[in-house]
Amino acid sequence: MTDALKRLSDEGVAIWLDDLSRKRITSGNLAELIDQQHVVGVTTNPSIFQKAISSGDGYEQQLTDLATRKVTVDEAIRMITTADVRDAADILRPVFDATDGQDGRVSIEVDPRLAHHTAATVAEAKQLAWLVDRPNTLIKIPATKAGLPAITEVIGKGISVNVTLIFSLERYREVMDAYLAGLEKAKAAGLDLSLIHSVASFFVSRVDTEIDKRLDTVGTDEAKALKGKAALANARLAYQAYEEVFSSERWAALDRAQANKQRPLWASTGVKDPAYKDTLYVVDLVAPGTVNTMPEATLDATADHGEVTGNTIAGTYEQARADLDAVAKLGISYDDVVQLLEDEGVEKFEASWIDLLNSTEAELKRLAPSEG
């Protein structure tokens, strides 16, 4: 083992785990990752919960109790997932306290079926914050068009938010704008801005997966030479946008009121193409003030052989722009790619949520006490 994870932390990258399950909580594994692998946060999503709960490990007693009470399947899912998030938040509480609220956080997502409904997303975010009832929670809201005003509204109420499913640079700027607007609302309402935190989850590997597929279709040597470059270029230009927005006059006014920057979070950092190094979306996206949320396999790979050589984003903007321009010149539409990825992202989370509802409903029926 190298101490690449420590070096990553020393460079200003917060290491979060992109996974959660009851077994991980009760076995002491999560506490061990915090203690030994520099993990300072946890992200969840509908797919993660679907996998965890469908495995059945550790959920039987709670499911039995819920079945006995005859709760609806939607209520059962919320009781189960918020219990896991609450327990994980408690395990991470010392990190939260030590970092003044910056890290030690656990994210939980609003029902993905609400992704295109602003008012319902706001209502669900408020309900989740109340249900989990831990200061170190982040409520995940997707960066859809309907999600943007919801972000402003929820931040304006003093609830910390993880904005998820960001693929495009234009949408990312809209997300930062929504965050600042929310802080301005919170300030006008007299809330303490120092207690409001946010991250913006910018998805990485899926961009390469889609653009590489299109480059293969083009098939020229020039196209092949661009494979594996678009995702890094996109993320690096996102960091450039972050630097611009959080050095603006508008931000300066909020900064004076003790507001926190909305950190860029690199999501979808597991490498999908075996031709690429398995630490690509970690070691090539090192910059201060970022979060990298990793599936455990990526965390282990980085710990084992990740080469952390300092800031790998500074000085890359010109090349990043050139790489995306070169892709566009081959007839691959950036706007088309990022919209497709957003639509697919919402659909995948919806499908996972529906799978989770179906499998949980079957378990509730199986465990329901016989009448009599």
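Predicted model: local features only at pLDDT ≥ 70, side-chain atom pairs only at ≥ 80, totals over all residues.
Before you start: residues are numbered from 1 along each chain as its sequence is written. Local features need pLDDT of at least 70, side-chain atom pairs count only at pLDDT 80 or more, totals for chains, interfaces and linings use all residues, and side-chain values use heavy atoms, with hydrogens and water left out.

**Select the whole protein chain.** Colour by secondary structure and you will find 17 helices and eight strands, which are DSSP runs (helices H or I, at least four residues; strands E, at least two) numbered from the N terminus. Show the C-alpha trace, and its principal axes span about 70 × 50 × 40 Å.

The accessible surface comes to about 15400 Å², 50% of it belonging to carbon and sulfur atoms (Shrake-Rupley method, 1.4 Å probe). Of the 372 residues, 56% count as buried, meaning under 20% relative accessible area (1.4 Å probe, protein chains only).

Contact means heavy atoms within 4.5 Å. Among contacts with a separation of 6 or more, 80% join residues 24 or more positions apart.

**Now select D323.** You will find D323 in helix α16, residues 317–329. Leaving aside neighbours within four places in sequence, D323 is in contact with L226, K229 and A233. Which side chain of opposite charge is nearest to D323? Select K229: it is 4.8 Å away, and the buried D323 has no salt bridge (a side-chain nitrogen of Lys or Arg within 4 Å of a carboxyl oxygen of Asp or Glu). For charge, Lys and Arg count as positive and Asp and Glu as negative, while His and the chain ends are not counted.

Technical notes: Buried < 20%, exposed > 50% of the residue type's maximum accessible area, 1.4 Å probe, protein only.
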